[in-house]
Amino acid sequence: MTALVKEVAVDAKPLVQARNVHKAFDQLEVLKGIDLDVAPGEVVVVLGPSGSGKSTFLRCINHLESIQQGFIEVDGEQIGYRVKNDRLEKLTDNGIAKQRRKIGMVFQQFNLYPHMTVLQNIIEAPVGVHGESRKDAIENARQLLKRVGLSEKEGNYPRQLSGGQQQRVAIARALAIKPKLMLFDEPTSALDPELVGEVLATMKDLAKQGLTMIVVTHEIGFAKEAADRVVFMDGGVIVEQGKPEDVIGNPQHPRTQAFLSRFL
Amino acid sequence: MSTNTSPRAAPSGAADFRDVATAHAPFRYGRLALWLIVTIVVVDFGWIVANNENFGWPVVAQYFFDPTVLSGLYVSLGLTVIAMILGVALGLIIAIMRMSDDRLASGFASLFIWFFRGTPLLVQLIFWYNMSTLFPNLSIAIPFGPTLASWDTNSVITPMTAAIVGLALNEAAYMAEIIRGGLLSVERGQAETAQAFGMTKARALRRIIIPQAMRSIVPPTGNQLISMIKATSLVSVIAMADLLYSVQSIYNRTFEIVPMLMVAVIWYLLITSVLNIGQSYIEAYYGRSDRRNATAAAKPAVVTEEASH
């Protein structure tokens, strides 16, 4: 189980591969064997009641949480580990930091750097981590701000923005590192209802442009419209998955039916 | 959005009477009386102090810029600056060690803080000064092996080095706890975000965590700096010619004890006042992102809001 599985056909290779992922916090088992493949360009929306382990799984993908069994591979690299002399070895903190550089993440609480302006927030990782020139990074940041509709806010501090604007800046910040994969951890859950729409619109726009996205959310509407695949999790396992019209429109599993019935 | 509902929609014209814009504050005789009493007491006290010949104000004026006093002042200031810089730098390292997952690092840091916070600074200074009685020679050697280099302790530990080492190590223990408190005050999500963006721990600390921690580190550090200036007066016991030592050396000769102490007191007050002003500027700098309408807010902040709905 510890050896890396190399696929033969390059174009068939999924961008994310998770196999038999187990995670426990002390005695509490949160993930009980998750298997999931995500193809390049695919938009996967993970639904499920709170406590189902969906956020934890997302955080395992970029190793913010370590897993206790199984493996997760992103873009051909096993996250958090490497093979040395035919044995699997834990990576150092800096080794893991390198692996995370192609994964963008958007958090529920936005987590913008409050002591930096919007522009500084966006260029921090490209300049400081990816070694981009300041000039290029600023140019790219301005384009991204335009894309999320916040061009005139580049000099503001996060506290001067509404929640929806902050989250759109956070999306631009994650895009600025030109990620191969974007993780969204309940990006609209901390927003006032009237601000959810602007963030979802930005995300739909990204989905259309072929970015690979894994989105943990409670927004059924977004799943219907933007997802290529919907994954329903409950109790630490994937209960059901498939096309949005099947899983949301015609759920097979009683737990999926029970969950979705609350949104009707 | 809703169009302005007029505040004048309230019934009857009598409402105009109650418009708070027309309100006035009543004159408060009690406050005036209190001001007068306090002013009289303060002025009277000042008058008494200024006219009491025992304070020897002419002597104070005469010695205020005395070369001995000034050189003592430079020693006090120099010691403060060097000990503080070393203390903050070492304190930062100890704080990071204390918070580390590594048991060796956090154990060492706890031991350091326990020892240097737990013993009086005066005793530590005397210990450093008398190092030669414990270890007559200082040498670099391989443990249990041959000696590579050796010095006479008395030539290495002068009053100056004893004072710097003593003050800096003691300061480091206090600063470590202040800095640790500051680092802990930064929201956990910030470190996690820096991590998710592939920053190394060192970079995350330097760019994301420490700048935010500064807001809660600066005020107690200002306190520490002021305590440090006064703590330098302790080094007079190890024959270090600081401000207090130099005024003492003068009054031992002239017996003008109170006037000479007034010289020192006024200098200490002047320095701490200057530092207080500096501190308020530093606090304003690190609090800049908190002001809602800072810098770029020249453009109205609400314009883009309505577009989305």
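# Close-up views of a predicted model

**View 1. Helix 3 of chain A is largely enclosed by the rest of the structure, because 8 of its 11 residues are buried.** The helix spans residues 118-128. This is a predicted model. The buried residues start with the pair A:V118 and A:L119. A:N121, A:I122, A:I123, A:E124, A:A125 and A:P126 are buried as well. What do these residues pack against? Within chain A, their partners are helix 4 (134-147) and helix 5. Helix 11 of chain B is a partner too. An α-helix has 3.6 residues a turn, so residues three or four places apart point the same way.

**View 2. A:G163 sits in helix 5 of chain A.** That helix covers residues 163-175. Is A:G163 buried or exposed? A:G163 has a relative accessible area of 19%, and the cut-off for buried is under 20%. A:G163 therefore counts as buried. Leaving out residues up to four places away in sequence, A:G163 touches A:F110, A:L191 and A:L195. A:I79 is 84 residues from A:G163 in sequence. Their C-alpha atoms are 32 Å apart in space.

View 3. Most residues other than glycine have a negative phi. A:K178 lies in the loop that runs between helix 5 and strand 9 (181-185). With a relative accessible area of 54%, A:K178 is exposed. A:E186 is buried, at 11% relative accessible area.

**View 4. The largest nonpolar core has 85 residues.** Which of them touch the most other members? They are A:I171, A:M182, A:F184, A:M203 and A:M213. Chain B contributes as well: helix 9 (residues 159-185) of chain B gives 8 residues, the largest share of this core. Now focus on A:M203. A second, separate core has 29 residues. Among them are A:V38, A:V44, A:L64 and A:V231.

**View 5. The largest pocket holds about 1,100 Å³ of space.** Its lining is made of 29 residues. Which lie nearest the centre? The answer is B:D101, B:R188, B:A191, B:Q195 and B:K201. Several elements give two or more residues to the lining. From chain A there is helix 2 (93-100). From chain B there are helix 4, helix 9, helix 10 (188-196) and helix 11 (201-231).

**View 6. B:S76 is a buried residue of helix 4 of chain B.** Helix 4 runs over residues 67-99. B:S76 counts as buried because its relative accessibility is 4%. A polar atom of the B:S76 side chain lies 3.0 Å from the backbone nitrogen of B:L243. Setting aside residues up to four places away in sequence, B:S76 touches B:L243, B:T232, B:D242 and B:Y268.

**View 7. B:L70 is also found in helix 4 of chain B.** How exposed is B:L70? B:L70 counts as partly exposed, at 21% relative accessibility. B:W267 is 197 residues away from B:L70 in sequence. In space, the C-alpha atoms of B:L70 and B:W267 are 9.7 Å apart. The two residues are in contact. Apart from neighbours within four places in sequence, B:L70 also contacts B:F64 and B:F65.

**View 8. UniProt records for chain B list a domain and several transmembrane regions.** An unreviewed UniProt entry lists residues 73-276 as "domain: ABC transmembrane type-1". In the model, this span is 78% helix and 5% strand. Its end C-alpha atoms are 18 Å apart. The unreviewed entry also lists "transmembrane region" for residues 32-50, 70-96, 108-129, 225-245 and 257-282. Residues 32-50 are 100% helix, with end C-alpha atoms 27 Å apart. Residues 257-282 are 100% helix too, and their end C-alpha atoms lie 38 Å apart.

Methods. Residues numbered from 1 in each chain as written. Chains lettered and ligands numbered in written order. Predicted model: local features only at pLDDT ≥ 70, side-chain atom pairs only at ≥ 80, totals over all residues. Heavy atoms only, no water. Helix = DSSP H or I, 4+ residues; strand = E, 2+ residues; numbered from the N terminus. Buried < 20%, exposed > 50% of the residue type's maximum accessible area, 1.4 Å probe, protein only. Polar contact = N/O pair within 3.5 Å; in protein donor to acceptor, adjacent residues only side chain to side chain. Contact = heavy atoms within 4.5 Å. UniProt positions renumbered as here; feature names shortened; annotations may be inferred. Core = buried A, V, L, I, M, F, W, Y, C linked by side-chain atoms within 4.5 Å. 1 Å grid on protein atoms, 1.4 Å probe; cavity = no way out; pocket = protein on both sides within 12 Å on 5 of 7 lines; lining within 4 Å. Points joined across faces, edges and corners; volume = space filled by probe spheres on them.
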